[in-house]
Amino acid sequence: MENKIISIAPSVLAADFVNMEQGIRKIEDASCEWIHLDIMDGSFVPPITFGHQMVKSIRNITDLILDAHLMIDNPGNQLDALAEAGADYVAVHLENTIHTDRIINRIKELGMKAGIAIVPSTPVSALSELLPVVDQVLVMTVNPGYGGQKMIPRCLDKIKQLDDIRKEYGYEYLISADGGINRETASAVRDAGIDVAVCGSSFFNAEDSPAEVRIIQGIE
Ligand code: DX5
Ligand code: ZN
């Protein structure tokens, strides 16, 4: 069991895109430090969301940590624009990117924190060469593409493995979990050893988002 308080990263995927500023203020009002930005291209995953222009518009109105999750093919093409837009973290998927080591290096060269994301069918062992160099591992706890899905519980074992490896080797990556995190699933996710919980529908559909955040953090 961990005693640390996890951070909540609300995903604007569940916000009203026409009233994005309202969504951002809601995140700030709930005292969250992170905003999760799901960038989808209609190829790696079927939906299309938004790109660097939206990231820049959000950067212009908030100082919170902008955590971009790229569910896109050819993620290397977007890195310069995302850096210019003001993203803080950029996570690319292992599954569709051959030169992940080069991409991780490039993200860091551009002054951002580099994350690697894995879908539910990808094992932790596939990350062995990257764990020493990444700043964040984003463990998807649903299949990517859609908010509001049910968590796949076996993904929590991967979080435990990543936490154990981190302790054993002294690695410094943050572990984020993404998908299906709500008041019912939160304690299992916390106990697995995460640092950041991405919450889309549970945050934006809550009647009282600040209270929901504290419940998911396990402090209320
Ligand atoms: C799914 C996205 C998630 C999504 C999570 O592909 O990566 O970030 O917004 O939404 P919920 O919390 O509703 O599962
Ligand atoms: Zn995401």
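A polar contact is here a pair of N or O atoms within 3.5 Å. In the predicted model, an N or O atom in the side chain of Ser 201 is placed 2.5 Å from an oxygen atom of ligand 1, which means that this pair falls within the 3.5 Å cut-off. Two further pairs involve oxygen atoms of the ligand. Asp 178 brings a polar side-chain atom to 2.6 Å from an oxygen atom of ligand 1, whereas Gly 200 contributes through its backbone, with an N or O atom at 2.7 Å from an oxygen atom of ligand 1.

The site of ligand 1 is the largest pocket. In total, 20 residues surround ligand 1, and the closest are Asp 38, Gly 145, Asp 178, Gly 200 and Ser 201. Classified by residue type, the shell comprises 10 polar, 8 nonpolar and 2 charged residues.

With regard to the overall fold, the protein chain contains 8 helices and 8 strands. Its C-alpha atoms occupy a box of roughly 45 × 40 × 30 Å along the principal axes. The radius of gyration of the protein chain is 16 Å, which agrees with the value near 17 Å that a compact globule of 220 residues would have.

Terms used. Residues numbered from 1 in each chain as written. Chains lettered and ligands numbered in written order. Predicted model: local features only at pLDDT ≥ 70, side-chain atom pairs only at ≥ 80, totals over all residues. Heavy atoms only, no water. Near = heavy atom within 4 Å. Polar contact = N/O pair within 3.5 Å; in protein donor to acceptor, adjacent residues only side chain to side chain. 1 Å grid on protein atoms, 1.4 Å probe; cavity = no way out; pocket = protein on both sides within 12 Å on 5 of 7 lines; lining within 4 Å. Sits in = over half its atoms within 2 Å of the grid points. Nonpolar A, V, L, I, M, F, W, Y, C, P; charged D, E, K, R; others polar. Helix = DSSP H or I, 4+ residues; strand = E, 2+ residues; numbered from the N terminus. Rg over C-alpha atoms; globule rule 2.2 N^0.38 Å.
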